[in-house]
Amino acid sequence: MLAEKKETLNKMNGVDRNMIGLETRAEILRWLKEDDPEAIRRLLSTADRVRALHVGDQVHFRGLIELSNLCRRACSYCGIRAPNRGVIRYRLTREEILAAADTAREMGFGTVTLQSGEDPALNLHELCETIRLIKQHTRLAVTLSIGERSRNELARLRDAGADRYLLRFETSNSDLYNAIHPPIPGQINHDRFDVLRWLDELGYEIGSGIMVGIPGETYDDLARDLELFRELNLDMIGLGPYIPHPETPMGRCMKDLDPPPDQTPNSLEMTLKVLAITRLICPDVNLPSTTALETLTPDNGYENGLACGANVIMPNLTPVKYRALYEIYPGKAGQTRMASELMRRMIDNLRTMGRKPAIGPGKSTHYLLRHAADGKGVETNGIEIDESIEP
Ligand code: SAH
């Protein structure tokens with residue numbers, strides 16, 4: 001039944017994709033460089049239509065809890081990198097995490113996303129216990145976004161009840177990646193693609209993604225990123241504009257330089273195009289309208305993303321006193337605003353957009369379908385797809 005629906009939807013998506021044309025790298029590249037406003041409008045609205053067909057009108061809310069801003073890494077783009085001595089470091093207590101998870105439940109969210117720097121002293125046993133408690137006391141799905149971990153650690157977290165994992169590959173250009181995400185001296189450097197493979201083997205819903213417009217990224221790199229989304233068979237894809245942080249090497253060095261001719265912009269328009277292309281290439285994934293997008297255009301950034309393919313929002317539930325300290329980039333949206341205020345705005349605006357908040361954990365349709373295809377049994381994610389749809 002689900003498989004038949006998938007076939008119908010794929011045919012329809014094929015029609016949409018052929019209209020837009022995204023089969024080859026050259027076609028993707030052409031769309032990334034498209035500057036005719038009418039053509040761009042058509043791209044974004046087609047992505048919106050494909051989103052409605054494949055994952056419905058529901059918008060999933062994930063409560064974001066930023067566990068810790070301690071980090072052993074020196075990523076040249078990120079404000080909480082270890083060498084940034086100006087950052088006051090914090091780590092939430094178990095009680096603070098459980099209280100935030102409780103707020104997510106009270107607000108009707110189906111998922112909490114626990115994110116952190118690569119905290120060197122993060123106690124895995126403690127985190128596993130916290131995940132167990134969240135799962136015992138709530139029906140929330142738990143997503144982790146805590147950087148690169150060993151296969152053994154990921155297996156223990158999965159056993160404790162973690163459902164999903166987000167690890168962006170940031171860019172498909174490996175030279176650029178290695179330059180902006182240096183390995184830790186004296187430690188085995190696992191490729192992020194190895195980690196994504198382990199996550200799949202362990203049965204996680206897997207999320208990855210990129211920053212758009214990293215200095216040094218070319219249009220060809222970005223087109224390759226988009227092809228890779230398809231090849232990696234991802235369930236969730238997170239992407240947002242790169243936002244320079246003045247206390248980072250990348251934020252400092254790019255300030256006064258003219259960008260090279262083939263540099264991708266970190267603009268709103270480019271990010272929306274990449275979101276739309278992602279939805280067309282990977283029609284049944286969960287795709288957040290990210291905080292970085294909201295940061296570019298406060299007060300309607302989330303809506304901009306939702307209108308061209310996105311179906312997830314992640315309101316910040318980190319205790320307010322720590323929020324400004326998780327400054328991966330400056331001006332990050334949601335640092336002072338309460339999640340309840342954002343929800344009031346979203347509920348009103350969703351209604352205007354013909355959308356509605358989802359109920360339940362909001363598993364990725366892509367994950368459900370690939371596990372049904374594996375013969376591992378079919379679950380539902382509470383999404384109703386209109387039965388009357390004909391190809
Ligand atoms: N330590 C975890 C979580 C990092 S924060 C990890 O590395 O996976 C989550 C994401 O924020 C990163 O993957 C990166 O894509 C994004 N990010 C970090 N710095 C940023 C910046 N300056 N501008 C935009 N996005 C940024």
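User: Which elements do the buried residues of α5 pack against?

Analyst: Two notes before we start. This is a predicted model, in which local features need pLDDT of at least 70 and side-chain atom pairs count only at pLDDT 80 or more, while totals for chains, interfaces and linings use all residues. Residues are numbered from 1 along each chain as its sequence is written.

Now the terms. Helices (H or I, at least four residues) and strands (E, at least two) are DSSP runs, numbered from the N terminus. A residue is buried if 20 or more other C-beta atoms lie within 10 Å of its own, exposed if 12 or fewer, and partly exposed in between, with C-beta atoms placed from the backbone. Two residues are in contact if those C-beta atoms lie within 7 Å.

Here is your case: the buried residues of α5 pack against α4 (94-106), β2 (111-116), β3 (141-145) and α6 (151-160).

User: Which residues of α5 are buried, and which are exposed on the other side?

Analyst: Leu127, Thr130, Ile131 and Ile134 are the buried residues of α5. They lie on the same side of α5 because they cover an arc of only 100° around the axis; the arc is that of the directions from the helix axis to the C-beta atoms. His125, Gln136 and His137 are exposed on the other side of α5.

User: How many residues does helix α5 have, and what should they span?

Analyst: The expected span of a helix is 1.5 Å times one less than its number of residues. Helix α5 (residues 124-137) has 14 residues and should span 20 Å, which agrees with its end C-alpha atoms being 20 Å apart.

User: Let me try another helix. Which residues of α15 are buried, and what covers them?

Analyst: In α15 the buried residues are Ala339, Met346 and Leu350. They line one face of the helix, because they fall within an arc of 30° seen down the axis of α15. Their cover includes β1 (58-68), α13, β7 (312-313) and β8 (356-357). On the other side of α15 you will find exposed residues, among them Glu341, Arg344 and Asp348. Just after α15 comes glycine 354, with a positive phi of about 75°.

User: And which residues of helix α8 are buried?

Analyst: Helix α8 (residues 192-201) has Val195, Leu196, Trp198 and Leu199 as its buried residues. These sit on the same side of α8, since they cover an arc of only 160° around the axis. Asp194 and Glu201 are exposed on the other side of α8. The cover over the buried residues of α8 includes α6, β4 (164-166) and β5 (205-212). Glycine 203 follows α8, and its phi is positive, near 85°.

User: Which residues other than glycine have a positive phi?

Analyst: The general idea is that most residues other than glycine have a negative phi. Asparagine 233 is one with a positive phi, near 60°, and aspartate 299 is another, at about 80°. Asparagine 233 is in the loop between α9 (219-231) and β6 (236-241), and it counts as partly exposed because 14 other C-beta atoms lie within 10 Å. Aspartate 299 is in the loop between α12 (291-296) and α13 (301-306); it counts as exposed because it has 9 C-beta neighbours inside 10 Å.

User: How many residues does the largest nonpolar core have?

Analyst: In soluble globular proteins, nonpolar side chains tend to be buried together. A nonpolar core is a set of buried Ala, Val, Leu, Ile, Met, Phe, Trp, Tyr and Cys residues joined through C-beta atoms within 7 Å. The largest one here has 90 residues, and Val142, Ala276 and Ile277 have the most contacts inside it. Helix α11 (residues 268-281) gives the largest share of this core, 7 residues. Isoleucine 277 touches Leu22, Ile28, Trp31 and Leu226, not counting residues up to four places away in sequence.

User: How far apart are alanine 223 and leucine 29 in sequence and in space?

Analyst: They are 194 residues apart in sequence and 5.6 Å apart in space, C-alpha to C-alpha. Alanine 223 lies in helix α9 and is buried, because it has 25 other C-beta atoms within 10 Å.
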